[in-house]
Amino acid sequence: IFDKSAEVTTDNDRRRPFRTMATLRGGERFSTALWDGWPLLKPRSEVALRSFAEWKDFVAKRIKIEREYIAALRRLVDSSPSTPNESEGVVGTAYTLLLDTTRTMADEHAALQQRLSDEVARGVDEQAESYNSQRKKLLEQGSALQKRYEASLDAHTKAKLAYYKAHNDVEVCRLTLTDAKKRVAADAAAVDPVRIEKLERKLLELSQTKATQDQRYRAAIAETNAVQEQHYSPDAGICRVLDAFQALETMRVQKFKLHAQQFVRGHQTMLPALTKALVEHDHKSASLDAKADIQAYIQRSRSTETPPSEFVYEPYVEGYAEGKKQSKIAKMTWSTKRALVRDAEAGGGGGGGGGGGGG
């Protein structure tokens, strides 16, 4: 940009910010390390917007999975009988433990789903909206500053080209006039004096134009330097926008860190209650004793009856079929006969039981 031969003398003593910035290495600020990197920021912000969309999509799908899993667990509990067919003993206890643990898992996952919705999903939505709003403002400000700066560069280039053209036109006209005068000196009739007069007038006009273009060129340099100095000022112009963009990016990454931690801690919060339920289930399951269960069942269902006596041969007696009593006895079922025997034994004692068997 700077034309040292045409630059105003006082400008040589001024320390322009962009010159100092160009010598910096390893800066930690966008305004110093990326002072010429404005074109990079828009693509970076677009990548950030896509990352927001990816986060939102992932969290939404994760919440949907949790919701479906919770519904499936609760359907399982609700569709299962509250007490099993074998409701007593270790089997019934183990079944109840399964229901309770499954119900606890459903409740804890419901709490997790609520935390993901309230903290992570809502936080990402709010951050994406805020980031995009601030991003648009910064891009508008930066684009306006960049257009102003580029317009000053274009004006400087046009002034410089016009200045060079004016100088070139004067030089060409002067050479043409000098050549014409040489030819007149050699042969007065070789060149029309009117042509020489026109060349002299043209040279005068071009010299005036050159002086005007020289002033315009110097003014364009001063204007461009002023715009450039303001554009790259550490506290104004594009540098201010760059630092604001860096602050916005820093906040975005910090928010992502927070959301990632909230996602993990949401699961960690669920673990204590779930672990407690599983440990309790494990302890109760370990205490289940099949042998003790069987013995308890035997004690509850122990029979109070004595085994029946053995069957003996009963010979047929003449007239047996004619008697009503004998007829009834003959028609009795085995269980009825056994009841009669029991009653007889209870009335007559142990001896009566033996006599009944003998009869």
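Tutor: Contact here means heavy atoms within 4.5 Å. The structure is a predicted model, in which local features need pLDDT of at least 70 and side-chain atom pairs pLDDT 80 or more, while totals for chains, interfaces and linings use all residues. Residues are numbered from 1 along each chain as its sequence is written, and side-chain values use heavy atoms, with hydrogens and water left out.

R62 is found in helix α3, where helices (H or I, at least four residues) and strands (E, at least two) are DSSP runs numbered from the N terminus. Apart from neighbours within four places in sequence, R62 is in contact with L112, L116, F263 and H267. R62 has a relative accessible area of 18% and so counts as buried (under 20% relative accessible area; exposed is over 50%, partly exposed in between; 1.4 Å probe, protein chains only).

Two of those partners, F263 and H267, are also in the list of α6 residues that meet α3. The axes of α3 and helix α6 (residues 237–286) come within 12 Å and cross at roughly 15 degrees. That crossing makes α3 roughly parallel to α6. The axes are lines fitted to C-alpha atoms, for helices over the stretch in contact, with angles from 0 to 180 degrees between N-to-C directions. Under 35 degrees counts as roughly parallel, over 145 as roughly antiparallel, 65 to 115 as roughly perpendicular, and the rest as oblique.

On the α3 side, the residues that meet α6 are W38, L41, R44, S45, A48, S51, F52, W55, F58 and R62. On the α6 side, they are I238, V241, L242, F245, E249, R252, F256, H259, A260, F263 and H267.

One joins K56 to D125, with the closest N and O atoms 3.6 Å apart. K56 lies in helix α3 (residues 38–79) and D125 in helix α4 (residues 89–186), so this pair ties together parts that are 69 residues apart in sequence. K56 is partly exposed at a relative accessible area of 37%, and D125 is partly exposed at 35%.

Another salt bridge is formed by R74 and D107, at 3.3 Å from N to O. This pair also links distant parts of the chain, since R74 is in helix α3 and D107 in helix α4, 33 residues apart. R74 is partly exposed, with a relative accessible area of 37%, and D107 is likewise partly exposed at 41%.

E200 sits in helix α5 (residues 193–231) and K181 in helix α4, 19 residues apart. E200 is partly exposed at 37% relative accessibility, and K181 is partly exposed at 41%. Salt bridges with shared partners also join R44, E249 and R252 into one network.

E108 is in helix α4 and is buried at 17% relative accessibility. Not counting residues up to four places away in sequence, E108 touches M270, A273 and L274. The C-alpha atoms of E108 and L274 are separated by 6.9 Å, although the two residues are 166 apart along the chain. L248, in helix α6, is buried with a relative accessibility of 7%. With residues up to four places away set aside, L248 touches Y131, Q134, R135 and L138. From L248 to Q134 the C-alpha distance is 7.8 Å, across 114 residues of sequence.

As for the whole chain, it holds 9 helices and 0 strands. Buried residues account for 28% of its 359 residues. Among contacts between residues at least 6 apart in sequence, 79% join residues at least 24 apart.

Conventions: A salt bridge is a side-chain nitrogen of Lys or Arg within 4 Å of a carboxyl oxygen of Asp or Glu.
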